[in-house]
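Thanks for coming. I will go through a few parts of this structure, starting with a helix, then some strands, then a pair of helices. Please keep the picture in view.

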Amino acid sequence: MKSSTHTFAFALSLLGALVFGPTMSLAAGTDNTQTEHSAVPISASVKKGSKQGKPPPRKVSEAQFDFVRSNLVATLYHEFGHALIDELDLPVLGQEEDAADVLSAVMLERFFIGPALDRIALNTALGFEADARDQELEGDDWAWSDVHGPDWQRYYNFVCLYYGADPENREDFANDMGLPRDRMESCVDEQDLASRSWGLALDRITANAPGSSIGFSSRTRTERQKKAARIVAEEVARLNKSYVLPKKLRVVVKHCGEDSSLSAFYTSGRVKITVCTEYIDQLYHQAPK
Ligand SMILES: [Zn+2]
């Protein structure tokens with residue numbers, strides 16, 4: 001699934017992460033009563049690690065936390081996409097998971113600028129890359145029946161959208177991340193379509209802002225989880241400043257349990273986004289050291 005070009009890009013991206021400071025990832029399941037849409041399955045390696053009681057390293061650098069923060073933000077925006085599709089009854093002309101990834105990229109462009117945006121974009125791409133590499137390390141084949149596209153594809157889609165929003169200033173980024181020339185040619189059009197399409201939906205919830213239609217609560221166990229939950233709370237506050245949803249949405253950070261294979265997910269029956277503390281732990285684990 002990966003090319004030698006990409007391997008080179010990965011080395012460069014790791015270097016970039018070390019130099020500029022890091023930054024992020026995104027996945028779904030179904031039960032009989034409600035649909036859940038998630039961002040990223042918890043990787044097998046992390047689940048095994050937690051069973052063995054192997055604690056993560058004690059000190060978390062600013063760069064590592066930046067990776068955690070960035071991926072949490074991008075994942076929350078992905079789940080927000082599922083919530084909007086549900087609450088606004090949006091037509092989805094393709095895979096819903098792809099649409100949610102696209103909204104995440106569009107919202108990052110709206111809410112962040114300059115170096116902060118550059119960092120979050122790099123870390124988001126690194127998050128997809130980390131998921132892909134975790135799976136490769138496990139020796140697992142991609143589950144082609146999964147509702148999500150393969151991690152490497154999500155990686156390239158994200159890099160393309162980011163590049164397409166400002167091609168004059170982001171060509172180096174696209175090259176460093178291994179985006180092939182022929183894909184680069186369509187990225188401006190892809191970004192235009194993404195921002196126009198999601199822009200129509202976002203306009204519908206912007207008119208009456210600010211508001212308080214999104215609630216937040218958390219149940220965390222460790223200081224690291226608490227710190228990460230505060231990031232989610234800040235993002236909820238940001239969303240409330242910009243948008244008012246027709247139905248109250250709840251965002252909850254909590255332990256999802258040993259059996260959970262989801263990182264974060266939207267539950268349509270309950271109008272709720274859940275961010276699992278297991279996912280937070282995974283991000284700390286994946287963060288470039
Ligand atoms: Zn999803």
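Start with the buried residues of α10, which are T277, E278, Y279, I280, D281, Q282, L283, Y284 and Q286. Keep in mind that this is a predicted model. Helix α10 covers residues 277-286, and nine of its ten residues are buried, so the helix is largely enclosed by the rest of the structure.

Now the strands. Strand β6, residues 272-276, pairs with β4 in the parallel sense, over five bridges. In that pairing, T274 of β6 stands opposite V252. Strand β3, residues 214-218, also pairs with β4 in the parallel sense, again over five bridges. Here I214 has L249 of β4 as its bridge partner. Between them in the unit is helix α9, residues 223-242: β3, α9 and β4 make a β-α-β unit that is left-handed.

Which residues of β4 are on its covered face, and which on its uncovered one? L249, V251 and V253 are on the covered face, while R250, V252 and K254 are on the uncovered one. In a regular strand, side chains alternate between the two faces of the sheet.

Last, the helix pair. The axes of α6, residues 151-165, and α8, residues 181-206, come within 7 Å and cross at roughly 80°. The two helices α6 and α8 are therefore roughly perpendicular to each other. On the α6 side, the contact is made by Y156, C160, L161, Y163, G164 and A165. On the α8 side, R183, M184, C187, V188, E190, Q191 and A194 take part. By class, this contact of α6 with α8 has nine nonpolar residues, two polar and two charged.

Note on methods:
Residues numbered from 1 in each chain as written. Predicted model: local features only at pLDDT ≥ 70, side-chain atom pairs only at ≥ 80, totals over all residues. Axes fitted to C-alpha atoms, helices over the stretch in contact; angles between N-to-C directions. Helix = DSSP H or I, 4+ residues; strand = E, 2+ residues; numbered from the N terminus. Parallel < 35°, antiparallel > 145°, perpendicular 65-115°, else oblique. Contact = placed C-beta atoms within 7 Å. Nonpolar A, V, L, I, M, F, W, Y, C, P; charged D, E, K, R; others polar. Buried ≥ 20, exposed ≤ 12 C-beta atoms within 10 Å, placed from the backbone. Pairing = 2+ DSSP bridges. Right-handed = clockwise from strand over helix to strand, strands pointing away.
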